[in-house]
Number of protein chains: 2
Amino acid sequence: MAAARVLFAERGFERTTMRAVAEAAEVDPALIHHYFGNKEGLLAAALVLPVDPAAVLAGLEADPDRAGTELVRRIVGVWESQPEVRERMLALLRTGMSHPVATAQVRDVLGSTILSVIARVVRDDNVELRASLVGSQIGGLLLARYVLQVPGVADATPDQLVAAVGPVVQHYLTGPIDVPS
Amino acid sequence: MAAARVLFAERGFERTTMRAVAEAAEVDPALIHHYFGNKEGLLAAALVLPVDPAAVLAGLEADPDRAGTELVRRIVGVWESQPEVRERMLALLRTGMSHPVATAQVRDVLGSTILSVIARVVRDDNVELRASLVGSQIGGLLLARYVLQVPGVADATPDQLVAAVGPVVQHYLTGPIDVPS
């Protein structure tokens with residue numbers, strides 16, 4: 001599994017072969033076929049999230065008007081304090097950008113878990129749009145801070161990020177996002 | 001140049017060789033060395049932006065309180081109407097995620113141009129933090145809509161995106177982003 005994650009992230013889905021994963025893991029390729037079926041099956045297993053988003057975001061619905069700030073605080077907290085989670089998530093994002101099959105699997109993994117949490121806070125029918133807006137801001141923030149290390153968001157303290165981005169996530173969760181008529 | 005862009009985006013910086021670019025372009029490798037020096041030089045040339053951000057964002061400072069909405073409208077407009085710009089920018093993002101050398105170059109290219117535009121709208125000393133927050137939201141939105149095609153932001157009309165994300169960019173440009181004391 002560790003070998004598959006590294007190869008998927010480094011080479012992308014298409015260029016990673018079952019044989020190369022077997023070589024890196026020093027096992028017989030037949031063993032990988034036995035446990036994971038095909039390359040799509042291996043990918044699905046490699047993309048299991050290193051943390052349970054439902055656990056990280058538990059209880060947010062208790063105070064919907066502070067859910068935005070609390071969500072940013074908890075996610076930044078996990079990324080700051082758990083380097084192994086950060087590395088796994090970054091590998092997952094790199095894999096997801098490599099090939100349509102990987103893109104679809106990453107989208108499904110992140111989408112279904114995040115959607116179910118956010119549905120409990122949102123008060124109207126726009127759950128899918130609101131959840132994907134939250135995801136776009138959080139994903140963009142994590143990429144800018146930890147991958148591209150853009151000056152500004154890369155140097156900010158966690159408290160600064162929570163203060164700046166919390167109200168934005170709150171806006172996406174419960175604020176007015178409709179087209180003015 | 002076209003061959004280099006494709007290979008950098010598909011294989012990443014480290015796995016792309018001058019020889020492979022020469023083969024794809026059907027020229028002598030010595031010619032590439034002559035014009036671009038080394039692989040870093042070739043990368044810098046490949047990362048030239050397909051549009052001039054200063055032109056796309058010209059005049060935003062005339063109405064700073066509407067700059068957020070106008071910025072989202074113009075960027076989404078370019079990505080919607082110019083597929084070749086979209087493809088080049090996506091290749092650039094993929095390349096930038098592949099290797100620290102490419103990451104640094106992508107950050108410099110995007111950072112310097114965006115920073116100079118945004119500095120004309122921001123009214124305090126927090127230009128770098130504000131610009132990088134804007135970049136994180138816009139980058140995350142473009143990735144979610146055009147690469148991951150996340151339901152919600154992928155199905156929204158351009159007007160919906162402008163209505164939902166415009167106030168957020170405005171908040172980052174001119175709103176209160178400080179840590180409460």
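Me: Before the interface, what does contact mean here?

Reply: Contact means heavy atoms within 4.5 Å. With that rule, 41 residues from chain A and 41 residues from chain B take part in the contact.

Me: What kind of model is this, and how is it numbered?

Reply: This is a predicted model, where local features need pLDDT of at least 70, side-chain atom pairs count only at pLDDT 80 or more, and totals for chains, interfaces and linings use all residues. Residues are numbered from 1 along each chain as its sequence is written, chains are lettered from A and ligands numbered from 1 in the order in which they are written, and side-chain values use heavy atoms, with hydrogens and water left out.

Me: What rotation superposes chain A on chain B?

Reply: A rotation of 180 degrees, with 0.0 Å of shift along its axis.

Me: Which C-alpha of chain A is nearest the axis?

Reply: That of A:Gly140, 1.9 Å from the axis. Both copies use the same surface: 100% of the contact residues of chain A recur in chain B.

Me: How much area do the two chains bury between them?

Reply: About 3500 Å², with 68% of it on carbon and sulfur atoms. Buried area is the accessible area (1.4 Å probe) that two parts lose on being put together, summed over both. In chain A, the residues losing the most area to chain B are A:Met97, A:Arg107 and A:Leu148, together 18% of what that side buries.

Me: How many salt bridges cross the interface?

Reply: The rule finds 2. It asks for a side-chain nitrogen of Lys or Arg within 4 Å of a carboxyl oxygen of Asp or Glu. A:Arg15 and B:Glu10 form a salt bridge through their side chains, at 3.5 Å from N to O.

Me: Which helix gives the largest share of chain A's side?

Reply: H9(A), with 11 residues. Helices are DSSP runs (H or I, at least four residues), numbered from the N terminus.

Me: New topic. Is B:Leu57 buried or exposed?

Reply: Buried, because its relative accessibility is 7% and buried means under 20% relative accessible area (exposed is over 50%, partly exposed in between; 1.4 Å probe, protein chains only). B:Leu57 lies in the loop between helix H5 (53-56) and helix H6 (67-81) of chain B.

Me: What does B:Leu57 touch?

Reply: Beyond residues up to four places away in sequence, B:Leu57 touches B:Leu71, B:Arg74, B:Ile75 and B:Val117. B:Val117 is 60 residues away along the chain, yet the two C-alpha atoms are separated by 7.0 Å.

Terms used. Helices (H or I, at least four residues) and strands (E, at least two) are DSSP runs, numbered from the N terminus. Copies are superposed by least squares on the C-alpha atoms of residues with pLDDT of at least 70 in both.
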